[in-house]
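Subject: Structure for you to look at

Hi,

Here is the structure I promised to hand over.

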Amino acid sequence: MVLRHQLEDRFIVTEAERQVADLLPIEADPALARTTLETVPFWFHTFALNRAEGIYTPGAARDHRYRISTLPNHFGGMRVLDVGTFDGFYAFLAEHRGADRVVAVDNEQYRLWVASRWGVELEGGEGFRAVHRLLGSAVEYRRMDAFDLDRLQERFDLVYCFGILHRVENPLGLLRVLRGRTASGGTVLVETYGVRPEDRDGPAIRVSEPHQVYAHDEYVYWGFGPTGLERLAQIAGFSRAESLIDVEVDGHPRIMGRLIA
């Protein structure tokens with residue numbers, strides 16, 4: 001079992017994490033911020049619980065600055081769906097920037113990933129609930145598998161799909177489900193595992209062995225090049241797809257695409 005201080009030592013809050021977290025300043029009372037920090041056994045996202053006191057959650061997600069430039073500065077009038085929300089940072093950020101309605105869903109299978117990779121047992125949703133309380137948020141949380149999204153029976157103007165596509169066995173099927181939940185003219189922002197430079201110019205999709213990408217992580221199945229992702233999106237029914245970001249973060253390729261319904 002990994003102890004909290006070992007996680008905090010590993011996931012030091014760097015300037016990169018602060019730059020993203022500071023977009024959603026929570027500014028909780030210092031005592032409440034510290035209690036919140038301690039009561040969640042594993043944080044995926046970095047939150048600025050109290051900037052003046054330097055109280056940030058030690059998020060396992062590293063340097064998400066590349067995602068921020070793809071997000072609207074203002075979400076006014078938007079209905080937003082966050083698929084695979086985990087601790088909910090991007091759902092709460094949409095609300096903070098004025099979204100009319102935000103629904104965050106997660107099947108909480110990340111519990112298996114966290115237990116396998118980090119040795120921490122989670123009930124599921126701990127971080128989301130903690131931040132939801134601090135913010136007095138109206139974001140609606142559903143424990144739901146992405147392939148069951150049609151149960152929502154509503155469509156959204158903007159859908160996040162961050163860090164999920166490479167972890168599902170049927171990525172084309174997931175894109176079809178996301179298309180079904182996206183309003184006409186709406187957008188799906190997809191962020192997923194990429195491919196090495198030598199594979200970026202073609203439609204190749206890389207197939208990974210268990211534990212090949214990350215040690216003790218058997219849930220990374222695919223790596224997508226921009227062309228491969230765009231072709232999958234077209235097959236899934238999107239009218240247009242464009243690549244936004246193709247970077248390497250902490251030694252791993254990541255790409256982002258904008259899919260237009």
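Let's start with Y90. Leaving out residues up to four places away in sequence, Y90 touches V20, H45, H64, R67, I68, L71, D82, Y160 and F162; contact here means heavy atoms within 4.5 Å.

Before going further, a word on where this comes from. This is a predicted model, so local features need pLDDT of at least 70 and side-chain atom pairs count only at pLDDT 80 or more, while totals for chains, interfaces and linings use all residues. Residues are numbered from 1 along each chain as its sequence is written, and side-chain values use heavy atoms, with hydrogens and water left out.

Now the inside. A nonpolar core is a set of buried Ala, Val, Leu, Ile, Met, Phe, Trp, Tyr and Cys residues joined through side-chain atoms within 4.5 Å. Buried means under 20% relative accessible area, exposed over 50%, and partly exposed in between (1.4 Å probe, protein chains only). The largest core has 36 residues, and Y90 is among those with the most contacts inside it, along with F47, L71, V80 and Y160. Helix α5 gives the largest share of this core, six residues. There is also a second, separate core of 30 residues, which includes V103, M144, L152 and V159.

Next, the strands. Helices (H or I, at least four residues) and strands (E, at least two) are DSSP runs, numbered from the N terminus. Strand β3 (residues 79-83) has four of its five residues buried. Two strands pair if DSSP finds at least two bridges between them. β3 pairs in the parallel sense with β4 (residues 101-106) over five bridges, and D82 has A104 as its bridge partner in β4. On its other listed pairing, β3 runs parallel to β6 (residues 156-162) over four bridges, with L81 opposite V159.

Finally, the charges. A salt bridge is a side-chain nitrogen of Lys or Arg within 4 Å of a carboxyl oxygen of Asp or Glu, and the count comes to 15. What does E242 pair with? One partner is R240, with the closest N and O atoms 3.8 Å apart, and another is R258, at 2.8 Å. Elsewhere, R101, E140, R142 and E154 are linked in a network of salt bridges.
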